[in-house]
Amino acid sequence: MLDIVLRKVQVEGQQVDVGIAGDTIVQVEPEIEERGCREIDGQNRVAITGFVDCHLHLDKSHLMDRASYQDVSGPEKGALTRREKACFTEEDIYKRAERVVQTGLQAGNIAIRTSADVDPLVGLAGVKALLALKGKYAGLVDIQVAAFAQEGMEKYPETVELLRQALQLGADLVGGHTIIDADGRGHIDTILDLAREFDVEAEFHLDESGNREHYLLPYLAQRMIELGLQGRVTGIHCCTLSALTPGERQEALELIKESSLKVISAPTAISTRALAPVKELLAAGVLVGIGSDNVRDFFNPIGSGDIKQIALLLAYVQRFFTADDIKQLWEMLTCKGAALLGYRGYGIAVGNRADVTVLDAHSPVEVFSRQAPPVVLVRGGRDITTEILGR
Ligand SMILES: [Zn+2]
């Protein structure tokens, strides 16, 4: 007898039964004869491993609970954030971040990647808090922590040593921000050096402003190729792509492909500038994921950590409306996002870890349209539906 059999769930458009023994998926068949200790009727609803949110700032989330939003410029929002950040404690960060992780789990997340600011203002408190959260949620939501040089290294040169310490503590990767230092190239080189020193991936808030004078994507891609870092680096935002001429954009796509630079779209950025052209990137074969980015802080005072909301926003802004567009959007939230984060064993398939999220909808388009929540959550072979969803 199997431990759990999920009857009549829809996996990649096919109705199947999913058999689970221990923490592993052991059968995926149109009809499983064997009974399960626990039988769940999926009613032909959509089943996935879980959603993947490729980019968050958990350490700064929910600041709006104690500060009020001011509609000021980006640098002014940065200054407001620095003022708050100087008062952050590990416990405070942990509590605020956990709310977002819980919301994500309840919405069906299986994996997220978050930045943690590392600088003399906050020290290593963000990294420590988020690594503790990663430990607590292991097996429920896979959390990757990027030690992030948000404030740059020209104003705060001590950051380089702090990033090194963060990586020694166990941060999963290192993050840079290419417009923060006057010498953007030097910033990129320092971050890539750290990635090589610790053999971790790197990610950059890349060309975030959308302005042509901040266009460093070609330099980064070139350095990736020279250093043998193809496929080991991700660019978040890449907004300047939308300001290029068609010819320049074609050159950029060639460079992205040659370097295997991965790209994360953070669609809430549309409130202040144009987004990178996601459909063009996908058509060129670039690995693209989607991230919630800021959640209830000075840069985005609304949001929750439910990535479906953000995907819906991208759908409207860049017209992901045809059946093929919806499929592409779905893949960015599922298998492609997982591939971008290097998540192993993603997918409802025999031999994979028994992580199954059944959503209250019969198609991906219904999931987006109705913002359908999960009705069944299985993590590592354990049915946690009641524990997490309260039903
Ligand atoms: Zn960000």
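Me: Is Arg249 buried or exposed?

Reply: Keep in mind that this is a predicted model. In it, Arg249 has a relative accessible area of 16%. The cut-off for buried is under 20%, so Arg249 counts as buried.

Me: Where does Arg249 sit?

Reply: Look at helix 7, which covers residues 246–259: Arg249 is part of that helix.

Me: And which residues is Arg249 in contact with, leaving aside its neighbours within four places in sequence?

Reply: There are Leu241, Ser242 and Leu244, and also Pro277 and Glu280.

Me: What does Thr240 touch, if I skip residues up to four places away in sequence?

Reply: You'll find Asp207, Gly210, Asn211, Arg212 and Tyr215 around Thr240.

Me: I also clicked on Lys60. How far apart are the C-alpha atoms of Thr240 and Lys60?

Reply: They are separated by 25 Å, and along the chain the two residues are 180 residues apart.

Me: What holds strands together in a sheet, in general?

Reply: Strands pair through backbone hydrogen bonds, and the pairing can be parallel or antiparallel.

Me: Then do strand 1 and strand 4 pair in the parallel or the antiparallel sense?

Reply: Parallel, over 7 bridges, with strand 1 made of residues 2–11 and strand 4 of residues 36–48. To see it on screen, find Gln10, which stands opposite Val46 in strand 4.

Me: How many bridges join strand 4 to strand 13?

Reply: There are 2 bridges, and these two strands run antiparallel. Ile48 has Thr357 of strand 13 as its bridge partner.

Me: And strand 13 to strand 14, how many bridges there?

Reply: Strand 13 (residues 356–359) is joined to strand 14 (residues 374–379) by 4 bridges, and they run antiparallel. Leu359 is partnered with Pro374 in strand 14.

Me: Why do residues three or four places apart in a helix point the same way?

Reply: Because an α-helix has 3.6 residues a turn.

Me: Let's zoom out. How many helices and strands are there in the protein?

Reply: The protein has 13 helices and 15 strands. Its radius of gyration is 21 Å, close to the 21 Å that the globule rule gives for 391 residues, so the protein is as compact as a globular protein of that length. The C-alpha trace spans about 65 × 50 × 40 Å along its principal axes.

Me: What share of the residues is buried?

Reply: Buried residues are 57% of the 391. As for the surface, the protein exposes about 15,300 Å², with 49% of that supplied by carbon and sulfur atoms.

Me: Last one: how far apart are the mean positions of the positive and negative charges?

Reply: They are 3 Å apart, for 41 positive and 56 negative charges.

Notes. Residues numbered from 1 in each chain as written. Predicted model: local features only at pLDDT ≥ 70, side-chain atom pairs only at ≥ 80, totals over all residues. Heavy atoms only, no water. Buried < 20%, exposed > 50% of the residue type's maximum accessible area, 1.4 Å probe, protein only. Contact = heavy atoms within 4.5 Å. Rg over C-alpha atoms; globule rule 2.2 N^0.38 Å. Areas by Shrake-Rupley, 256 points an atom, 1.4 Å probe, with all protein chains shown as cover. Lys, Arg positive; Asp, Glu negative; His and termini not counted. Charge placed at Lys NZ, Arg CZ, Asp CG, Glu CD. Pairing = 2+ DSSP bridges.
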